[in-house]
Amino acid sequence: MSKYLLEIGTEELPYRFIPSAIEQLKKGFENFLNTNKVGFDKIDVYATPRRLAVIVAGLEAKSPDEEKIVKGPIKKVAYDENGNLTRAGEGFLNKNGLKPSDIYIENDYIHAKITVKGKSVVELLQENVPSIVMKLQGSHFMRWGYNDEKFSRPIRWIVSVLDRDEVKIKIIDKESSIYSRGHRFAQQKVMIGHPDDYVETMRNACVIVDQNERKQLIIEKAKAEADKLGATVRYSDDLLDEVTYITEYPVAVVCEFDPKYLEIPEEVTVTVMAVHQRYFALYKNGKLINKFITMTNYIGDEFANIKAGNVRVIKARLDDAVFFFTEDTKKPLADYVEDLKGVTFQKGMGSVYDKTQRIITLSKDIASDLGETSPTIERTALLCKADLTTSLVFEFTELQGFIGADYARVSKEDARVAEGIKEHYFPLNSESETAKGIEGQIVGIADKLDTICAVFADGKKPTGSSDPLGVRRAALGVMRTVLDAGLKVNIAKYIDKAVKLLPVQKDCADEVNEFFVQRLIIMLSDKFKRNVLEACAASRNPLLDLNDYIQRVKIVSELNSPEMLESANRVIRILKEENPAPVNPELFKEQAEGMLFEAVNSVNENFKYGAYLDALIAINPVVEKFFNDVLVNDPDENVKKNRLALLTLLKHKYEVLADFSRL
């Protein structure tokens, strides 16, 4: 078995492209090898800002020989009237390297069995590797030199080695060799003698090619520096990934800034460090300190210039933040609400001030239905968007809500209002926390519903993978908030209300409902079977009570009674049209009718769902007896209709849980 290494050396790649390129390369090589039936053990893909590398282990020497049937011309074309091969017939033989005895007639056409010799893995690599690389997709691809082909960044070198031999390939304008390049400030001609040597050889050239090793190294080095200070380091997964993909040889350096910058909101300082400068924040006793860690892509032990440069940059950013904070807090947060009249929410949907008034109305209605009468809810709704007109949010848009919360505290607003302003944006993504306070929960639901309905009313609903206004995320945010907090909120009711409050009157409530239900099913499909989710959604709109829907899904997921399921489906098949008329016991002609009527009425819809399902299973023998003893389509029309009414009554009992026909 052989091992193959491909390394594509480039100018610095965009860090967002790298994770995608890793997946694309892995799939590209898997598809190529599987298509050509070349065996292999595993494929590893490594990536740094300046290189993408693939190592294929356990590679077979060639693709297998294959036998296949080839079809030639029709018999009357392949042979003349004397039974001799024509030029067409001879051409078929010559093309496939056959003798006349190799061919046979089938369905009036000539055929032959041929053996297609397998290709060596070297030949296959030369034929396929360039196209695998050139099929990589990403944004902002570019041309360079006189080339017509595009790639993420200019290719500077290529390494292509099978065991100890070079496999010569060419991609765009670069031909392969056995020489890689080390770190920019280290050895620039690094010979790769064998793929097994690659990772260690590059480490000696100050390049940690394994991104997972590099990430762990960053975590360990950051912690080690924090430990020296008796501090803890905090960073998001996104920041860790970004730093991993912008360094080849990470070295942690601690820098320090003026403590006066700790007087501005913590979120601002952390955002400047993390989002704008890719620094790791440090904390002591849960409080931010005036030190941070930067991961340099540096070889050496002289850090004075690095520290000075980073401090100079962050000081300029924080000076701006201090100025904006000072100017913004010269007036209370409530005074910024009026300025929202000058901020357009969405074309045709009024200003953000108009949106705020709709949020207030929806929030009051939701609070009333939940029995919440606290004035802090309405106050949160009024102030939730006020920070959008402040200078600090204009500079740091990702901090909307967080700045509003800090300004609310400075303005001496109720602490619950300040927290609600921040939390109404929660969850910030599919994995992050939802609002804990009732203010943030209710106002967040109202805000997101208004946004979603406005988008649909404007005809801009998400399609395919495109969702520029974040409508999918907003819908999931509403549902996660309701479920996490255990709120009994009729989302369908407030969708209808939100649509009616919009300045553009378009009846899109049903469309929004369907959108929510589909997102709900997708959201829950990793926990429950999709057919169960759809069955429970079909019998009753899950948006009426999400928590009730989840309970039904859990119970139906546990169903283990094929007999009851068959009975339910038989009822559904018979009742193409329901008969909602009341059941008249005086029209019963068979004992089984009365037994079924009594059994159906014994199933109490106030039962908890587990007991309810048990009751349906318990009456199933009576249902089966009914079908065995009773002809539903009785010649007497009144008897027939009465029996259909009885089955309709039973069907409604099933529908309390689900539409069992979908199971």
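Is E593 buried or exposed, and what is its relative accessible area? E593 is buried, with a relative accessible area of 0%; here buried means under 20%, exposed over 50% and partly exposed in between, for a 1.4 Å probe and protein chains only.

The views show a predicted model, in which local features need pLDDT of at least 70 and side-chain atom pairs count only at pLDDT 80 or more, while totals for chains, interfaces and linings use all residues. Residues are numbered from 1 along each chain as its sequence is written, and side-chain values use heavy atoms, with hydrogens and water left out.

View A. E593 belongs to helix 22, residues 591-602; helices are DSSP runs of H or I with at least four residues, numbered from the N terminus. Leaving aside residues up to four places away in sequence, E593 touches L587, F588, F626, V630, R643 and L646, where contact means heavy atoms within 4.5 Å.

**View B. Crossing of helix 8 and helix 9.** The axes of helix 8 (residues 266-276) and helix 9 (residues 304-328) come within 10 Å and cross at roughly 140°. Axes are lines fitted to C-alpha atoms over the stretch in contact, and angles run from 0 to 180 degrees between N-to-C directions. The two helices, helix 8 and helix 9, are therefore oblique to each other; angles under 35 degrees count as roughly parallel, over 145 as roughly antiparallel, 65 to 115 as roughly perpendicular and the rest as oblique. Helix 8 contributes V268, T269, V272, M273 and H276 to the contact, and helix 9 contributes I314, R317, L318 and A321.

**View C. Contact of helix 16 with helix 20.** The axes of helix 16 (residues 471-485) and helix 20 approach within 9 Å and cross at roughly 75°. That makes helix 16 roughly perpendicular to helix 20. M479, V482 and L483 of helix 16 meet L546, N547 and I550 of helix 20.

**View D. The largest nonpolar core.** This core has 132 residues, and those with the most contacts inside it are I491, I495, F516 and Y549. A nonpolar core is a set of buried Ala, Val, Leu, Ile, Met, Phe, Trp, Tyr and Cys residues joined through side-chain atoms within 4.5 Å. Helix 15 (residues 438-457) gives the most to this core, with 12 residues.

**View E. Buried residues of helix 19.** In helix 19 (residues 530-539), the buried residues are V532, L533, A535, C536, A537 and S539. Their cover includes helix 18 (509-524), helix 20 (546-557) and helix 25 (637-655).
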